[in-house]
Amino acid sequence: MPFSDELAEADLTVGALLRASTLPAIEARALLAHQLGVSREQLVARPELLVAPDDAQQFAQWVERRQRGEPLAYLLGEKEFYGRMFAVSAAVLIPRPETELLVEAALALGLRDDAHVLDLGTGSGCIGITLALERPRWQIVATDQCSHALVVARQNKEKLRANNVEFRAGNWFAAAPERFDLIVSNPPYVAAGDAHLDALRYEPLPALVSEANGLGCLYTIIEDAASHLVAGGFLALEHGHDQATAIRDRLVTAGWLEVQTLQDMASIDRVTMARSGVV
């Protein structure tokens, strides 16, 4: 029997609704707290609190959608990244903890105080906005070809008051012809037909999949990035767990310097960086 049908005869208190849900407790509390506009701690402290039928039905619908595999972040409309809450929708990838490594690597470069930084394929804006907030004097340009993604990114800019980031519509460098001190990107890098795509079926496919066994977008950025960097500027790319060697080889062949790969918290090759050899 669907969970929403069970509620017709259920006790509509916080405790009863949470007990009736088959979701992990942390997820059920997150959904019910979001619907009621209260903290999760309040739900734990007040299990006897009565829930209006309309709220209970909405909670039940979310439970059923989550049971079918829809990501919790899309149901809540938000996801934490680098200690801040970002709005998300089905138009953007859900920010992931491993992408924080890309941010940390960029911040550790010791760029000048007024550095000019480009975030390619910004999606929700989590990378560009985080850099903007962590380095308020940096000037960030963030691009995306998806207009729906840019709506989400601009919403996050306003909510988080990241005044030093500018969003532009365009594919890769088309919207950013100037030169930068640093270019960062978390581009599509999953190969078509990859077994992991089924688990990612709710996320936007164009933001996930790239040609050339997942390396196409990464190679495109590598080929064009040097002409959009100042002399000695940096490039930092997130990539798949098995792509680091190919990325390093392409960078070395193209004349990039100081090529290195960083591992995430799971000891997986996740970010490869290089310095432009073009003077």
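1. A residue counts as buried at under 20% relative accessible area, as exposed at over 50% and as partly exposed in between, using a 1.4 Å probe and protein chains only. By that rule Thr122 is buried, as its relative accessible area is 5%. A friendly word on the source before going on: this is a predicted model, in which local features need pLDDT of at least 70, side-chain atom pairs count only at pLDDT 80 or more, and totals for chains, interfaces and linings use all residues. Residues are numbered from 1 along each chain as its sequence is written, and side-chain values use heavy atoms, with hydrogens and water left out.

2. Where does Thr122 sit? It is in the loop between β3 (116-120) and α8 (126-134); helices (H or I, at least four residues) and strands (E, at least two) are DSSP runs numbered from the N terminus. Leaving aside residues up to four places away in sequence, Thr122 touches Ala142, Thr143, Asp144, Leu150, Ala153 and Phe167, where contact means heavy atoms within 4.5 Å.

3. Now to Leu32, which belongs to helix α3 (residues 25-36). Leu32 is buried, with a relative accessible area of 0%. Beyond residues up to four places away in sequence, Val14, Leu17, Leu18, Leu43 and Phe59 touch it.
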